[in-house]
Amino acid sequence: MNKEAILYEKLSNKKVRCTACARYCEMSEGQIGLCGIRGNENGKLDLFVYGKVIAGHVDPIEKKPVIHYNPGSKVFSIATTGCNWLCRYCQNFDISQRRKVEGVDMTPEQVVQTALDNGADGIAYTYNEPSIFIEFARDCGVIAHQKNLYNVFVSNGYDTPESVNMMGEFLDSITIDFKGNAEPNFTKKIIGVPDPQPIFDTLLEIRDKTNIHVEITDLIIPKIGDSLEYAEKLCKFIYDQFGPEMPIHFLRFHPDYKMMEFDSTPVKTLEKHYEIAKKVGLEYVYIGNVPGHPFEHTYCSKCNNIVVKRYGFDIEGWNLDEKNKCQFCGNQVPIIGNLSKNYKKNRFHFVH
């Protein structure tokens, strides 16, 4: 279901420039962008995966990870093929690095209806970079809002003012997923991105131009993507630009794709990152992919009691009142939405 893209500019000699991501690929007639799903057809930019869903699952929102927005809810998670990054460790490489357009045909109406049929509270655009298929996501998201569903992006943040502007039309929450503390040599060698600066620019654009709820993740990779110096730089940026309440998740790496020779991230390394973030002044710091770790919980920033107890993606304790204030000391905890009625239900369903 090819469809003409919206985020692009027409140039001379039937060339086009894509404005969906910070690569700004320029394509002559017949050429395809690095992502593999946006290409020049007769002097216009087509989105080849419009209505092509390669993966569809119902997940807990905590899996994204998003834990300060509609906790305990479940999302219908969809993806297309392709990606604008070339991560050597990608756990979804069979989707993201596939350069053949494949998937189940689904209209935006069918995507939303599938979410409703499976009892989802929202739709997550994830598994590959959603900004590269943003026109399709936008059409799904607008209908989702009409049906009282929310929309979440799991994004690498390598975006543009144009794509952020479109996000503002339908997106409720976004996880910006840094890799290796955004250390430039790491992003260049392991991701194929020459400069991580556009990610920081995107965050500021989202802050200044939208009302989208933001959470930060940072995948920590042992030896090559665990610089404590850059971890501190990242945490200071977040604190200075967003304040102490911005959630940040330090995620444990596990070997995959072209990096099978690496070990999983030592838990002590993740704990050092946690300590740096807290020292900088961030109040809601989490360690992810380590089920049972005490830093999975949400602690009240005033009295330090556990206000949300977690194990993996499950919520096992809730000590907030109806206004999400700490039941121990009355402090307002920055979580949007009350605990979903779905939190005790099975929130994993394979759909496609």
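In this predicted model, the lining of the second largest pocket divides into eight nonpolar, two polar and two charged residues. Its lining consists of Ile206, Arg207, Thr210, Ile212, His213, Val214, Phe242, Glu245, Met246, Pro247, Pro334 and Ile336. Helix 6 (197–209) and strand 14 (213–220) each contribute at least two residues to the lining of this second largest pocket.

The largest pocket has a lining of 39 residues, and those nearest its centre are Lys63, Lys64, Gln91, Asp177 and Leu251. At least two lining residues of the largest pocket come from each of strand 12 (150–155), strand 13 (173–179), strand 15 (248–252) and strand 16 (285–288).

| Pocket | Volume | Lining by class |
|---|---|---|
| Largest pocket | about 960 Å³ | 17 nonpolar, 13 polar and nine charged residues |
| Second largest pocket | about 200 Å³ | eight nonpolar, two polar and two charged residues |

The packing of two helices is considered next. The axes of helix 7 (residues 228–242) and helix 8 (residues 267–280) cross at roughly 35° and come within 9 Å. This crossing of helix 7 and helix 8 is right-handed. On the side of helix 7, the contact involves Leu228, Ala231, Glu232, Cys235, Lys236 and Tyr239, which meet Lys272, His273, Ile276, Ala277 and Val280 of helix 8. Seven nonpolar, one polar and three charged residues make up this contact between helix 7 and helix 8.

Notes
Residues are numbered from 1 along each chain as its sequence is written. This is a predicted model: local features need pLDDT of at least 70, side-chain atom pairs count only at pLDDT 80 or more; totals for chains, interfaces and linings use all residues. Side-chain values use heavy atoms; hydrogens and water are left out. On a 1 Å grid over the protein atoms alone, a cavity is a set of points where a 1.4 Å probe fits but cannot get out, and a pocket is an open set with protein on both sides within 12 Å along at least five of seven lines; lining residues have an atom within 4 Å of a point. Grid points are joined across faces, edges and corners, and a volume is the space filled by probe spheres set on the points. Helices (H or I, at least four residues) and strands (E, at least two) are DSSP runs, numbered from the N terminus. Ala, Val, Leu, Ile, Met, Phe, Trp, Tyr, Cys and Pro count as nonpolar, Asp, Glu, Lys and Arg as charged, and the others, Gly among them, as polar. Axes are lines fitted to C-alpha atoms, for helices over the stretch in contact, and angles run from 0 to 180 degrees between N-to-C directions. A crossing is left-handed if the near helix is turned anticlockwise from the far one by less than a right angle, and right-handed if clockwise. Contact means heavy atoms within 4.5 Å.
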